Each structure stands twice: as structure tokens, then as C-alpha cells.
Amino acid sequence: MTDTITVSSRFNGPQGSGNGGYASGLVATLLDGSAAVSLRSPVPLDTALAVRRGDEGVQVLNGETLVAEGQPGESVDPAVPAIVTIAEAERASERYRSPAEGLFSQCFVCGPSREDSFHVFSGEIDDSMVAATWTPAEWTADGNGTVRPEFVWAVLDCPTYWATHIGQEMSMSFLVRQCVTVHAPVLLGRETVAIAWPIEAEGRKRSAGAALLSEHGDVLATGRALMVEARAEPS
């Protein structure tokens, strides 16, 4: 029997396709330890995606279309530029810039128009970092009270978009590669702080770092994301 994974329609990012961080995290659960996942095409919802395993990792396919590739062993440094408190992150969230309508307005992590979103509303701390708070809901955890890794990946994804647009107009950008290392368990019901900061931009490519911090400032998980801006429509 061929292994499959399915991204439920509940876990969309753009309307009509899977949240990139959640989908990447789901692929990463097929591997041991730290992982890097590359998204090759939009992730379809409520669709059984075939998993092809090889010596260098896994491929996820929708029929003949390559959706994602995952490779093990790429660890992300636990060092972060600064520790942000719960209070600082709450104030930053008041500066969240997402419009109430648009492609990402119904994202299950950061969608402002969705009542059951995670409400990870990343706002600017200063000109070098964004932050938001997140308290994991009961249904995000495994049987041991630890948040499942695909939700950690999702929460580290969305803030990176805002980090690469600090002080800039928002552009249509999509996650194409994400690496995450979980350094300590993320516990059910404990308020956390998600932070992200820009790393570099070149042409249509933008990269950012991210971290999830405990209420006491401990680094629970770190990540890197590469996004690509959509090509401009021909005039």
C-alpha cells in the first residue's frame, strides 16, 4: 500500500490551498529530527497525496505533480536576535497590517477574517523584527500534551512574510522552502511568542528567520523560510 498524507481544508493558507508551513511540517513528520521541506506546487486540500520515500528523503505527489520534497538533517541555529516578552508581542500585534479581505484573510494561522484562526497577528516590534503571541488550543496537541510539530511549523511560517515586508508595501509572496528545528516541547495551553526577522532579499526572493519563545523567553523552536514573490502580470 502506498503511504499518503492529506491536508484538511481546515488548514488552508491562501484560499483554496494548504498553508505552506503546515504542509511543510506535515511532510517533515515523515522524517526523523530536523528537516528542510521545499514546496514545488500549491498544496491541494482534502486530497490524498502519495508519499514516495528514497535514500535522500521523501517526495509528495498529487498524481504526477510534485507537491513537496523533504530532506532530513538540516538544523536551524537556536540563537535569536532578541528575546521578546508577551507584553511586547501583544503590543506589536496591535500593529498587524493584514487586510480583512484578500488571498490570506482566511488563513488558519493569521487570517483576521476567520474566527477560528490561531490569531498569530504579527506586528512590528521595530524596523528589524515582528512578533505575535500564540496560545496552542487543546486540539493541536498529541496524547502527551505536546503541540504537534506541523502546527509549530505553521506558526513559524506566517510571521516570516511580515518580517520581509517591514516598512514596505505588501507583495504577493509564497513560501517555497522552510527549515525548522524544535529544541524543546511546545506545551498545550502555554502562551508563547512567535518572532521573525528579515535575513536578505534578492530579486523576487526573500528570506527570514523565525523563532517560538516560551513565556519565560526560552527558545522552543527556530526556523528559516524562503519566499518568492509572484511574477508581475503582463501589462
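How far apart are the mean positions of the positive and negative charges of the protein? In this predicted model, the mean positions of the 16 positive and 30 negative charges lie 4 Å apart. The protein contains 3 helices and 11 strands. Its radius of gyration is 17 Å, close to the 18 Å that the globule rule gives for 235 residues, so the protein is as compact as a globular protein of that length.

**Overall architecture**

- Read from the N terminus, the elements follow the order β-α-β-β-β-β-α-β-β-α-β-β-β-β.
- The C-alpha trace spans about 55 × 50 × 35 Å along the principal axes of the protein.
- Of the contacts between residues at least 6 apart in sequence, 68% join residues at least 24 apart.

**Burial and surface**

- Of the 235 residues in the protein, 50% are buried.
- The accessible surface of the protein amounts to about 11,200 Å², and carbon and sulfur atoms account for 48% of this surface.

**Helix α2**

- Helix α2 covers residues 86–93, and its buried residues are Ile86, Ala89, Ala92 and Ser93.
- Viewed down the axis of α2, these buried residues fall within an arc of 125 degrees, so they line one face of the helix.
- The packing partners of the buried residues of α2 are the strands β6 (123–126), β7 (129–134) and β9 (192–202).

**Threonine 4**

- Threonine 4 is located in strand β1, which comprises residues 4–5.
- Its relative accessibility is 45%, so threonine 4 counts as partly exposed, a class that lies between the cut-offs of under 20% for buried and over 50% for exposed.
- Leaving aside residues up to four places away in sequence, threonine 4 is in contact with Ala48, Leu49, Ala50 and Val51.
- Threonine 4 and valine 60 are 56 residues apart along the chain, and a distance of 8.2 Å separates their C-alpha atoms.

**Glycine 111**

- Glycine 111 is found in the loop between α2 and β6.
- With a relative accessible area of 0%, glycine 111 is buried.
- Contacts of glycine 111, with residues up to four places away in sequence not counted, are made to Phe104, Ser105, Gln106, Ser117 and Phe121.
- The C-alpha atoms of glycine 111 and asparagine 12 are separated by 9.9 Å, while the two residues stand 99 residues apart along the chain.

Conventions: Residues are numbered from 1 along each chain as its sequence is written. This is a predicted model: local features need pLDDT of at least 70, side-chain atom pairs count only at pLDDT 80 or more; totals for chains, interfaces and linings use all residues. Side-chain values use heavy atoms; hydrogens and water are left out. Helices (H or I, at least four residues) and strands (E, at least two) are DSSP runs, numbered from the N terminus. The radius of gyration is taken over C-alpha atoms; the globule rule is 2.2 Å times the number of residues to the power 0.38. Buried means under 20% relative accessible area, exposed over 50%, partly exposed in between (1.4 Å probe, protein chains only). Contact means heavy atoms within 4.5 Å. Accessible areas come from the Shrake-Rupley method with a 1.4 Å probe; for residues, only the protein chains shown count as cover. Lys and Arg count as positive and Asp and Glu as negative; His and the chain ends are not counted. The place of a charge is taken as NZ of Lys, CZ of Arg, CG of Asp or CD of Glu. The arc is that of the directions from the helix axis to the C-beta atoms.
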